[in-house]
Amino acid sequence: MTPSRRSFLMGAAALSAAVATPEMVRAAAALDAAAGADWALATRDVEGDTPRQAMRLIHGRAPRGLEGALYRNGPAKFRRPGGSATHWFDGDGMMRAFRIRDGQATLEARFADTPKRRTETELDAVVTPGFGTRGDARARIGSNDDANAANTAVMAAGDKVWALWEAGSPLAMEASDLSTKGFVTLRDDLKGMPFQAHPRYAPDGTIWNVGTAGGQAVIWRLNPDRSLNDAQVVPLPRASYMHDFTATDRHLILVLQPWVFEGHAMPVVSALHWRPEMGTQVLVLDKADLSQRRLYDLPAFFHFHLGDAWAERDGTIRFDVAASSDPRFAVDGAKVLVDGRGVVPGDPARLALVTLHPDGRAEMVSSEVVGEFPKADPRRAGLKRRLTAHTWGETRGRPLPTGLAVHDWDKDRSNAFEFGVHQVVEEAVFVPKPGAVAEDQAWLVGPSVNLKDGRTELHVFDVARISDGPVATWQAEVALPAGFHGAWIG
Amino acid sequence: MKTLSSVFAPVAALAVAAVVASPAFAADLTLSFPTAAAQGKIMVAVFDSAAAYGGQGQPAKVVLLDAAAGETQVTFDGLPDGDYAVRAFHDLNGDGKMNTNPFGMPTEPYAFSNNAVGNMGPASWDRAKFAAAGATAQTIDLK
């Protein structure tokens, strides 16, 4: 931390003529800069579980009818004495539960108790290779789940929540106390098959997901009770890195960006190569018959996250994407985040709308709105909609968003609320108001890290009045690092 | 008064003589798989060299335990003293193969001696090897 260096610096300034040479002052300033960016709290290490605590209402009032829990996942332990994760995606997963009941909010958090975390706790060193972390020879990896950080997203599953990663099994945790139950095997012969972090929920309750291995993908189809309905392996036209996919009520849509695996290597990013000349392909599969497929071509872009898709009557398919021009954030920017200092290369992602026409043409139109973590109305998953909630305010060089917004694709404009650079704003989920049907009759619920106060906050926005700011804000006693993705269980 | 070293010197000399006289003492190696489910068979291979363990040679001992009948332990009597490592897998469905998922990852439980875990592959000889001398036991968790 920096206070002692800051006070030394200020003291030095006051006494400069008498004591400090310019060299001393410069040296102290360099130390101060090296000590960390103002946003470094967002990637701090958490040393242990955080027992349930009341959050204090600091703004507005709890909306009537908002009852439930926001479960959120994200990395919360990067650094150990014998070696550290060097990439934001490789920290140990910590499940957070923000519970709202009777107008009160609480927060608790527990680490996913994974083999990776056990090994690294024992060795007091991060040794496991990951997405961008090299790891070392002490790693113990007998299967992909031995490297599973369980740190990316959440899926509700009865009285459990599943902590999702990208390249391994879901990890079941108790929804009531966040204790770890173990990896989920959906069928014995599918043990360890990758189950990615962004399942898509169909209007009929079916849950679809994917997992990739080079040039093939497993397509998961789960029943509403989270049991397995079917799993099929399909070939892909290319071995793209894929973090997300999307779906209409009738189609699965796999966006194959030109960031492709060429050979096997660890960490993952070292095997990936950016080939913009290949363009981006969009593979559309018919949910009813996965052998029925259609391939569309788009110019090259990089993305992590897609919005829910929909199909129109004439067969036109549309979906949104948080797109950027290259994978520099994934390779280098995410390392800056764990360093806790430095400049993030490249430009922040912008929202774009992709249209796949029945005649085989595809087009992508950028809104020019800076945004990430797109989320949409769950009542309209796979169906026509006009709104996308997203984070906002990220600027060139500085990582992490500072506001929230809702983009209206019909009007092609975003209504935003900017907290200011003292807040790191995380993904917010769409929570429909009880009994309401209109798309904007919903709340956005999501946290932020208040850098000024050193605390985690939970905000509720009215989707119809985002620019008015939160209708309620609670503040915790602690600051948890910024997470990735969450799920609301009402 | 005799010193301790003079008391033990003849014993040490005897031991050296014995080693020279015969290839090695006999070791009785007991392998237990207490967490194995009561189904299928457990295939166990014991190796006495890094080369054999690495696939360049035959195992010193091989056994098939009938886990379905509750057999989860085996003792190999009279092994020469030395370093050994064990590979084991639980053929749950009894098809004689180590089954894998569609992406080639094992779906049936397996383990190595010392409960060693590899680094994106089988546990290395260095992680799995143990010295067997006299009564030696390894408790192995198949997972």
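**View 1. Secondary structure of chain A.** Five helices and 35 strands make up the secondary structure of chain A. The model shown is predicted. Two of the strands in chain A are β18, covering 272–274, and β19, covering 280–286.

**View 2. Overall dimensions of chain A.** Along the principal axes, the C-alpha atoms of chain A fill a box of roughly 80 × 55 × 45 Å. The radius of gyration is 22 Å, which agrees with a compact globule, because a globule of 490 residues would have a value near 23 Å. Of the contacts between residues at least 6 apart in sequence, 58% join residues at least 24 apart.

**View 3. Surface and charges of chain A.** The accessible surface amounts to about 19,100 Å², and carbon and sulfur atoms account for 51% of this area. Of the 490 residues in the chain, 58% count as buried. Chain A carries 56 positive and 61 negative side chains. The centres of these two sets are 3 Å apart.

**View 4. A:R275 in its loop.** A:R275 sits in the loop between β18 and β19 of chain A. This residue counts as partly exposed because its relative accessibility is 27%, a value between the limits of 20% for buried and 50% for exposed.

**View 5. Contacts of A:R275.** When neighbours within four places in sequence are left aside, A:R275 is in contact with A:P258, A:V260 and A:E262.

**View 6. A:R275 and A:T391.** In sequence, A:R275 and A:T391 are 116 residues apart. In space, the C-alpha atoms of A:R275 and A:T391 are 28 Å apart.

Note on methods
Residues numbered from 1 in each chain as written. Chains lettered and ligands numbered in written order. Predicted model: local features only at pLDDT ≥ 70, side-chain atom pairs only at ≥ 80, totals over all residues. Heavy atoms only, no water. Helix = DSSP H or I, 4+ residues; strand = E, 2+ residues; numbered from the N terminus. Rg over C-alpha atoms; globule rule 2.2 N^0.38 Å. Buried < 20%, exposed > 50% of the residue type's maximum accessible area, 1.4 Å probe, protein only. Contact = heavy atoms within 4.5 Å. Areas by Shrake-Rupley, 256 points an atom, 1.4 Å probe, with all protein chains shown as cover. Lys, Arg positive; Asp, Glu negative; His and termini not counted. Charge placed at Lys NZ, Arg CZ, Asp CG, Glu CD.
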